[in-house]
Amino acid sequence: MTYSYSGSSAAISSSSICPWVPTSSELIDSIAKIAMLKSSDVFYDLGCGDGRVIIELAKKYRVRCVGIEIRKELVDDALRSIERNGLKNWVRIIHGDMFKVPISEASVVYMYLLTSINERLKPKLELELKPYTRIVTLDFKIPGWRYVSSLSNGRSWQSTLYLYIRGISDKPQTLPRNYS
Ligand SMILES: C[S@@+](CC[C@H](N)C(=O)[O-])C[C@H]1O[C@@H](n2cnc3c(N)ncnc32)[C@H](O)[C@@H]1O
């Protein structure tokens with residue numbers, strides 16, 4: 001099933017702010033590993049493209065996934081793929097603008113976007129995500145947040161995954177008591 005936010009497709013597609021570059025399927029296990037993915041998680045992909053990350057994760061790890069995508073043709077590709085893989089009960093696609101779609105249900109958020117977009121998403125992540133929600137970014141950091149771990153694979157691009165934790169990564173670094 002697909003849900004639509006922000007009105008017509010024409011209005012939605014005008015606010016696409018990042019090109020579609022799919023995550024390599026070779027990274028799926030690393031994403032699951034750094035996110036410490038468990039079957040009770042709800043995994044959100046902000047800007048999910050053709051849904052390949054969430055479809056692979058749902059297939060392999062039996063985790064419930066939600067993808068938000070602004071481009072209608074990619075939403076349609078994702079829906080066909082979900083149907084083909086028999087994952088309608090596992091993967092939901094929302095056709096809409098990730099800045100406007102509620103994400104508070106997520107326990108893991110994946111973002112393969114750009115540093116500038118991560119920066120713009122920060123207030124939304126801080127406002128909506130529950131404490132201890134894990135946020136995984138590929139290649140692009142969240143400016144001003146501290147990642148708690150990273151995983152590199154030596155490739156020239158799509159090389160590094162960063163893990164952030166809501167409530168830890170977004171708080172100013174605290175100095176130990178009696179530190180001078
Ligand atoms: C680099 S691609 C990543 C695709 C997918 N997450 C993956 O890793 O395979 C970024 C995606 O974000 C989508 N996007 C850009 N602006 C968006 C917005 N405001 N709301 C939702 N999706 C958006 C693009 O259409 C594109 O599919």
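Does Arg62 count as buried or exposed, and why?

A: First, the ground rules. This is a predicted model, in which local features need pLDDT of at least 70, side-chain atom pairs count only at pLDDT 80 or more, and totals for chains, interfaces and linings use all residues. Residues are numbered from 1 along each chain as its sequence is written.

Arg62 counts as exposed because it has 9 C-beta neighbours inside 10 Å. The cut-offs are these: a residue is buried if 20 or more other C-beta atoms lie within 10 Å of its own, exposed if 12 or fewer, and partly exposed in between, with C-beta atoms placed from the backbone. Arg62 sits in the loop between α3 (52–61) and β3 (64–69). Helices (H or I, at least four residues) and strands (E, at least two) are DSSP runs, numbered from the N terminus.

Now the backbone. Just after α3, Arg62 takes a positive phi of about 50°. Most residues other than glycine have a negative phi. Met36 also has a positive phi, of about 55°, and is not a glycine. Met36 lies in the loop between α2 (28–34) and β2 (42–46). Met36 counts as exposed because it has 12 C-beta neighbours inside 10 Å.

Step back into α3. Here Val53, Ile54, Ile55, Leu57 and Ala58 are buried. Their cover includes α2, β2, β3, α4 (72–84), β4 and β5.

Next, the core. The largest nonpolar core has 47 residues, and Ile31, Ile54, Val109, Tyr110 and Val136 touch the most other members. α3 gives the most to this core, with 5 residues. Such a core is a set of buried Ala, Val, Leu, Ile, Met, Phe, Trp, Tyr and Cys residues joined through C-beta atoms within 7 Å. Take Tyr110: leaving aside neighbours within four places in sequence, this residue is in contact with Ile31, Phe43, Tyr44, Asp45, Val53 and Val136. Contact requires C-beta atoms, placed from the backbone, within 7 Å. One of these partners, Val53, is among the buried residues of α3.

Last, the ligand. α3 and β3 each supply at least two residues of the shell around the ligand. Of the 24 residues around the ligand, Trp20, Thr23, Gly47, Gly49 and Ile70 come nearest. A residue is near a molecule if its C-beta atom, placed from the backbone, lies within 6 Å of it.

Notes. Contact = placed C-beta atoms within 7 Å.
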